[in-house]
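Good morning. I will go through one structure today, starting with ring pairs and ending with the layout of the chain.

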Amino acid sequence: MSLSNFASWNVRGFNNPLKVGLCKDLIKAHSLKLLAVLEAKIHPSWASDPWFVHSHSLFENEHCCDNFSLASPGRIWIKWDSSQVSFSPSFYSSQIIHGTFSSGSSPPIVLTVIYAANLPEDRKELWDNLLTLSHSINLPWVIMGDFNCCRFESEKVGGVPLVQGRLDELNNCIFDCGLQDLASVGLLFTWYNQRVDLPIHIKLDRILVNSVFMDCFPSSFYKIDPPNGSDHSPIILISKHDEKKFTRFMFKNFWLNQDGFWEILINAFGNPYNASPINAFYKCLRQVKTDIKKKNWSSSSFLSMAILEAKRSQLHLLNEIQCNPLDHGLNSALKYANDNLGRLQDNWSSWIKQRAKAYWLSQGEDDLGFLYAKIRARNNRNNIKEIISPNGILSSHSDIAGAFVDYYSELFNAPPSVVECFGNIPVGEVIPSHLVDSLVAPISDKEIKDVVFAGNSDSSPGPDGFSFAFYQKSWHIIGYYICIAVKHFFTSGCLPKGAKATVITLIPKGSHSSSIADFRPISLCNVFYKIIAKIIANRMKLIMPHIIHESQSGFIANRISTDNIILVTEVLKQYKGHHKFFCAKLDIKKAFDSISRDFLLDRLRRKGFPDLFIKWIRGCISDVYFSICINGSLEGFFKSSSCLRQGCPLSPLLFCIAMDGLSHCLNNNPIASFAGFKHKNLCLSHLMYADDLLVFGEASLSNIACLKDILSYFKDASGLCINPAKSSILFSKAVDNPDVMANSLRISNLEDLFTYLGIPITTQRLKFSHFQPLLSKLSALLEGWKVKFLSFAGRVQYIKFTIANTIAYWIRGAILPKSCQKYISRICSKFLFFGNLTDKKMHMISWKSVTTPKSRGGLGIPSLDSMYHAVSFSFIWRMINTNSLVSWWFKNIYESPWKPPPPSASNFWKLICCKAVGFKNLVSFKVGKDCNYSLYLDPWFYGEPLGSSSVSPSGMGCCVKDVIMNGRWNLPSSWPNNISSRILSIPILDVDNLTWIGPSKPSSKFFSSHFYSSLDKVEWYKYIWHKKHAIRFACYAWMAILGKLKCADSLIRRGLQVNPVCNFCSGLPETHSHLFFWCDFSFGVLTKLLPAANNFFLRPNLFQVYDFMWNHANLAVLEKKFVSLAISAIVYFLWRERNQRRFVDVKKSINQVCEDICLAVCAKVKNWNDYDRLEGKFDEIMVFLG
């Protein structure tokens, strides 16, 4: 299904024959059937002049419409070829022409052409009009044109930086209307101010679509052409069929439930092959693949067709039963048809979830619509339609595939490194002798099985197509063969070419990826290879902290990446006064893709890895063959001689070992002595997170030259070189020749602020504007189309995991301004409750109440304050318990978090000091021989600082070890006897450590919950949030028990005029207590499903029903959870029935509502592992389980 191409173009005046000619050229180049001319500047009287209209016509059979009468001069003139398409306008304004576009056999679409006003206050009318129009649109909808504003900070370069308000207006409109950006190719920026001295490039023109359009035209995109005679670029919507191509085999989890699957597996692995264990295993896999492809259920289309057929069968039986409802055969057949349809729908749901990879949506019940939309949006974004290469613009599948294969085959076969340079790289720390044997210990079956079952079952498979889910679910059949094959590798050190073959999948780096460099290559390795690599990686992880420099925080146990962000922020605060320092952010060009494997193997040998272990590594990383996945099709098969695969479990660890060489070059290089940043007793030369590199040093030409030499011979040895174009450098204000030094490194970007690990860092105080990237990312995550597909329960999950995790990363590295925190809380609240970011609506529940733990009456969404509390406690725990760079820094500068911070301290340190007061009550300080606790400031003295006693602090920098000699206390004689005697009773251990004495383990989860420890627990939380709850039902039960549903009495109290009468009984006022369960209708539903509720002498409320079932009905634990699930479902379906009656005037009987509840509850219960223990109980509900 495809549309005719159409476009819009701000031509900046259409009364010039040259512009008419340019428009005709555009039409011819793209076979356009409709063109919207913007900023036409046509006087209304000219449009009625036949000669003028004829001389400005663009199509032979042209029809047109305009809004010239509403805007002067004329702003929008839409022209189309009436012999090919039709456009029927239905709404005009000074900024919009809106109507229906039809093209041949394609379904009609709604087309809205925009030319937005220049001023934000004038554009408000535009956003209001679009929102009004959106309410009545259920067809595919396209909005295109010049919006005169943009969505993201990255869409403007030059001029005055964009403020959040300028971004909010378009983002809010997109959210409220449920729209999304269509994928684009060509240029990124659509407008240029034509100035050389102060250039500005910005994306003002775009195409937005709704989800219905994505359903109908999933492969569509728009192209941004060069401006050619205007300051704006034309945007062309292109809808086309995908080229037919071979798609690779991928194991689908629902196959596990299909008839014949297990027979295929047993037959394949039951026939022994005369080959090595690994080759034999792969022959079995190939046989499984061949046999599966012969089955009709191997295609996902089988499921959709089977579901349709099952629905037809169900409908036929239901019609038959209407005439003979007691016929045993018909009822049995209907029961079988219902079960069959349920199984098929479960399989379809499994496949959609596998494709969508929305792991956070663990209990999203009604949110398959969201998953469909997520798959479509991701495919539209990731599908490669066109790329710009040195050979021109490539648009055919074969040309695009050829360009990518050529690029990566050259990249992954870099020139060999200079072996003679290996010896110039300092070794650094080597493996402790007592850990060497553990690396090459025999591989056990348990070790192999643990790795298999630790794998993500929904992760993308490698070129053989078999996922972790296949290995895990079929372990009882294939586990023996896996263990033999894996052990064979560890004996021989060799892997067949096919086993370690790798697929490169291309992930766009941004929303607009137009060249090969705009895609990030991620390697998809075979699961069999991953098992081997993960076993090796697990053994390496144990020794990595011993051999990797402390400046490297990536992929090393107990090292946190955000500690580097905190540290660099603190260091840059010292770049003041007369000191001359620099901080360089160095980008390593194609780091994982260009590293020398020979250099890596040499580093492993010199670090002390055993020869056998190095043989295993060589077997994994050498002679690797690659294919490129282009739009689902595997292209090419080429060998590589360099690179590490991004996606291989070994790659991050091996890369850290390579970069450790650079760390020692910078710190203790005998050839060139680099002078790092020095402050008090601490010297810091660099920080790393994998290939993200920051270098600190004295700002002098000689030191810069030294750095340049170090980088040069590290490049010769490792193959890793710096990309100056993507590197930045920052100097302290005292440096008088920064340009000269930057030029020496060929770095042109001299910055006052740059981004490190995604978070802005600067010598100045961070402001609201610095957090624009975070706010832009949240705006993108909270796109309006998601609201339309996510239920309330789905939105709770989405905020709790996706949104909260995004915010948590920034919180760990920076203190958000209060205004920023308020903004985030506001948009999250509106997303959850309203699905609208602009309208002011009534809040029934405050966001503060929502962001409390479930046990305290909330929804368990973490608040920003609780996140900071957890971050602070975690940081203090690490600071006292580990010897990291950031710990040394703060101890060096501030001594102790229990010392009052000076006014000049950073906001982060002030927060730490504030939180340290409560932290000390959760830990016990154990004293060791070389104890580095602050003698007077840290609370090692029975939970209090020694300085708070009668001991006079003399020499505040003293450590506890200063009063220990030969493992015994050596206290000053001037100290009071009572203090000395108490200290002498404190045992001295071999090693000092911080012991946790809190009620739970020291984890971020506990630290966050500790923030709410002053709040009382609510008695009812266990009734609603038990371990087997269904979040869809539990959320509404939560609102009902709080009395926060929008019942009539609540709305009337807030001044709203609504019908006060209950829609069930049509007699009594509607209140929460009446709905749950004083009303005859609701109480009838309750007692029909849970007859035990008849024991109440008076009609109960919701809390009383829960309490009775848990505490007085003599039920087992599982039965209590079942009953609670049923009560929550009753609340949910009663509220839904109430809304149907009140707003749609559709009514169901008690029996019909009960049937809906039973089906929903049984759908949940059948997934419980122990549901058979409910057999013979709760027959009123369980009868639907069959």
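Trp80 has a relative accessibility of 5%, so Trp80 counts as buried. Keep in mind that this is a predicted model. Phe87 is buried as well, because its relative accessible area is 4%; the cut-off for buried is under 20%.

Those two residues belong together. Across the whole structure, a search finds 81 aromatic pairs. One of them joins Trp80 and Phe87, with 5.6 Å centre to centre and 70° between the planes, an edge-to-face arrangement.

Next pair: Phe582 and Phe674. Their ring centres are 6.3 Å apart and the planes stand at 70°, so this pair is edge-to-face, since over 60 degrees is what that label requires. Where do Phe582 and Phe674 lie? Phe582 is in strand E21, residues 581-587, while Phe674 is in the loop between helix H22 (651-667) and strand E24 (677-679). The pair therefore ties together parts that are 92 residues apart in sequence. Both Phe582 and Phe674 are buried.

Rings also meet charges here. Arg982 places its charged end over the ring of Tyr942, 4.4 Å from the ring centre. Over the face of Trp1168 we find Lys1028, at 4.9 Å from the ring centre.

Now the cores. Which residues of the largest nonpolar core touch the most other members? The core has 167 residues, and the answer is Phe696, Leu859, Phe890, Trp940, Trp969, Phe1077 and Phe1122. Helix H41, residues 1117-1144, gives the most to this core: 13 residues. Take Trp940 from that list. A second, separate core has 121 residues, including Ala268, Phe490, Ile614 and Trp616.

H12 covers residues 397-411, which is 15 residues. From first C-alpha to last it reaches 21 Å, close to the 21 Å expected at 1.5 Å a residue. Its buried residues are His397, Ile400, Ala401, Ala403, Phe404, Val405, Tyr408 and Leu411. As background, residues three or four places apart in an α-helix point the same way, because there are 3.6 residues a turn.

Last, the layout. The chain is divided into domain 1 (6-238), domain 2 (424-429 + 550-591 + 644-760), domain 3 (768-844) and domain 4 (1020-1184). Taken over C-alpha atoms, the centres of domain 1 and domain 2 are separated by 46 Å.

Technical notes:
Residues are numbered from 1 along each chain as its sequence is written. This is a predicted model: local features need pLDDT of at least 70, side-chain atom pairs count only at pLDDT 80 or more; totals for chains, interfaces and linings use all residues. Side-chain values use heavy atoms; hydrogens and water are left out. Helices (H or I, at least four residues) and strands (E, at least two) are DSSP runs, numbered from the N terminus. The expected span of a helix is 1.5 Å times one less than its number of residues. Buried means under 20% relative accessible area, exposed over 50%, partly exposed in between (1.4 Å probe, protein chains only). Rings of Phe, Tyr and Trp (its six-membered ring) pair if their centres lie within 6.5 Å; planes under 30 degrees apart count as stacked, over 60 as edge-to-face and the rest as tilted. A charge sits over a ring if NZ of Lys or CZ of Arg is within 6 Å of the ring centre and within 35 degrees of the ring normal. Domain bounds come from an automatic or database domain assignment. A nonpolar core is a set of buried Ala, Val, Leu, Ile, Met, Phe, Trp, Tyr and Cys residues joined through side-chain atoms within 4.5 Å.
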